Amino acid sequence: MSFEIVDHPINIQTVIDKVIRRNAGAVTTFIGTVREMTEGKKTLSLTYEAYIPMAMKKLEQIGEEVKGKWDDIEMAISHRIGKLEISDVAVVIAVSTPHRKDAYEANQYAIERIKEIVPIWKKEHWETGEEWIGNQKGTKMYVNGKPSEEDLH
Amino acid sequence: MITLLFFAGVKETIGSEAIRIDGKQQTIAQIKEYLLHTYPTLSLQGVMVAVNEEFALDEDIVEGNDTVAFIPPVSGG
């Protein structure tokens, strides 16, 4: 398991290489990129900010969770912070397992958990203004003012 | 002293990424009350709190030298 938060462009192959191993028959790679259009609104750029020590702990927690759910798994996650332009890579998740189904499922699990528990935020910059994302559709919102038991553990 | 850390929109409202407050024991709810009183434009709706990098609840008690982070809804990935 390998996790990092970086302030420079992510080399995708480097992340993949961290999970390549002799007993892996499948490697899935998720690449999260900066999208230009969101619900008709044009993004010019994004700024990502992290609470780095806690974000690292939570990424490691996700690593423990996937190890508990899937046998024989390796995972590497790199998340970029700072200013990103359209089409820049914000996050790369590489997962290797002996068989493909586990690699797909574990990879999806990891990105969903990042969006739930890892303290990283993005600010969208538009022609008409800017806003921290987090209370719109598609991002985590603790409607009861607190996370569920599952979020905490 | 208890260190309070702020991020994203909360940081912008407070105008600082960290402040320090008196270090006696108090609950997270009391710290939130202090912040809302001190910064009238602040909203903590949907904001989670982490004590020493672990998520915590309003009734949890914070002591001197703890670091309390205010975590707006996250949006990484």
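The points below describe selected features of a predicted model, taken in turn from chain A and chain B.

1. Overall make-up of chain A. The secondary structure of chain A comes to four helices and nine strands, and, read from the N terminus, these elements follow the order β-α-β-β-β-α-β-β-β-α-β-β-α. Chain A has 153 residues, of which 47% are buried. Among the contacts in chain A with a separation of 6 or more, 76% are between residues 24 or more positions apart.

2. Packing of two helices in chain A. Two packed helices are described by the angle between their axes and the distance between the axes. For helix α2 (residues 52-69) of chain A and helix α3 (residues 100-117) of chain A, the angle is about 145° and the axes lie 10 Å apart. The crossing of α2(A) with α3(A) is right-handed. On the side of α2(A), the contact is formed by A:K58, A:L59, A:Q61, A:I62, A:E65, A:V66 and A:K69, while α3(A) contributes A:A106, A:Y109, A:A110, A:R113, A:I114 and A:I117. Sorted by class, the residues in this contact of α2(A) with α3(A) are eight nonpolar, one polar and four charged.

3. A:E49 belongs to strand β4 (residues 41-50) of chain A, and A:E49 counts as buried because its relative accessible area is 12%, under the limit of 20%. Leaving out residues up to four places away in sequence, A:E49 touches A:I81, A:P119, A:I120, A:W121 and A:W132 in chain A, together with B:F7, B:A8 and B:K11 in chain B. With one of these, B:K11, the side chain of A:E49 makes a polar contact of 2.9 Å. A:E49 and A:G134 are 85 residues apart in sequence, and their C-alpha atoms are 13 Å apart in space.

4. A buried arginine in chain A. A:R80 is placed in strand β5 (residues 74-80) of chain A, and with a relative accessibility of 10% A:R80 is classed as buried. Apart from residues up to four places away in sequence, A:R80 touches A:V6, A:H8, A:P9, A:I10, A:Y48, A:D88, A:V89 and A:A90.

5. Two partly exposed positions in chain A. A:K18 sits in the loop between α1 (12-17) and β2 (26-33) of chain A, where its relative accessible area of 35% makes A:K18 partly exposed. When neighbours within four places in sequence are set aside, A:K18 is in contact with A:S2, A:E4, A:A76 and A:S78. A:K18 and A:I111 are 93 residues apart along the chain, with 18 Å between their C-alpha atoms. A:G129, in strand β9 (residues 129-132) of chain A, is also partly exposed, at a relative accessible area of 28%.

6. In helix α2 (residues 28-38) of chain B, the buried residues are B:I28, B:I31, B:K32 and B:L35. Viewed down the axis of α2(B), these buried residues fall within an arc of 100°, and they therefore line one face of the helix. An α-helix has 3.6 residues a turn, so residues three or four places apart point the same way. On the face of α2(B) turned away from the buried side are the exposed residues B:E33 and B:H37.

7. Positive phi values in chain B. Most residues other than glycine have a negative phi. B:A8, although not a glycine, has a positive phi of about 50°; B:A8 lies in helix α1 (residues 8-14) of chain B and is buried, with a relative accessibility of 1%. B:A8 is also one of the residues touched by A:E49. B:N52, likewise not a glycine, has a positive phi of about 50°. B:N52 is located in the loop between β4 (48-51) and β5 (54-56) of chain B, and at 35% relative accessibility B:N52 is partly exposed.

Note on methods. Residues are numbered from 1 along each chain as its sequence is written. Chains are lettered from A and ligands numbered from 1 in the order in which they are written. This is a predicted model: local features need pLDDT of at least 70, side-chain atom pairs count only at pLDDT 80 or more; totals for chains, interfaces and linings use all residues. Side-chain values use heavy atoms; hydrogens and water are left out. Axes are lines fitted to C-alpha atoms, for helices over the stretch in contact, and angles run from 0 to 180 degrees between N-to-C directions. A crossing is left-handed if the near helix is turned anticlockwise from the far one by less than a right angle, and right-handed if clockwise. Contact means heavy atoms within 4.5 Å. Ala, Val, Leu, Ile, Met, Phe, Trp, Tyr, Cys and Pro count as nonpolar, Asp, Glu, Lys and Arg as charged, and the others, Gly among them, as polar. Buried means under 20% relative accessible area, exposed over 50%, partly exposed in between (1.4 Å probe, protein chains only). The arc is that of the directions from the helix axis to the C-beta atoms. A polar contact is a pair of N or O atoms within 3.5 Å; within protein, one must be able to donate a hydrogen and the other to accept it, and residues adjacent in sequence count only if both atoms are side-chain atoms.
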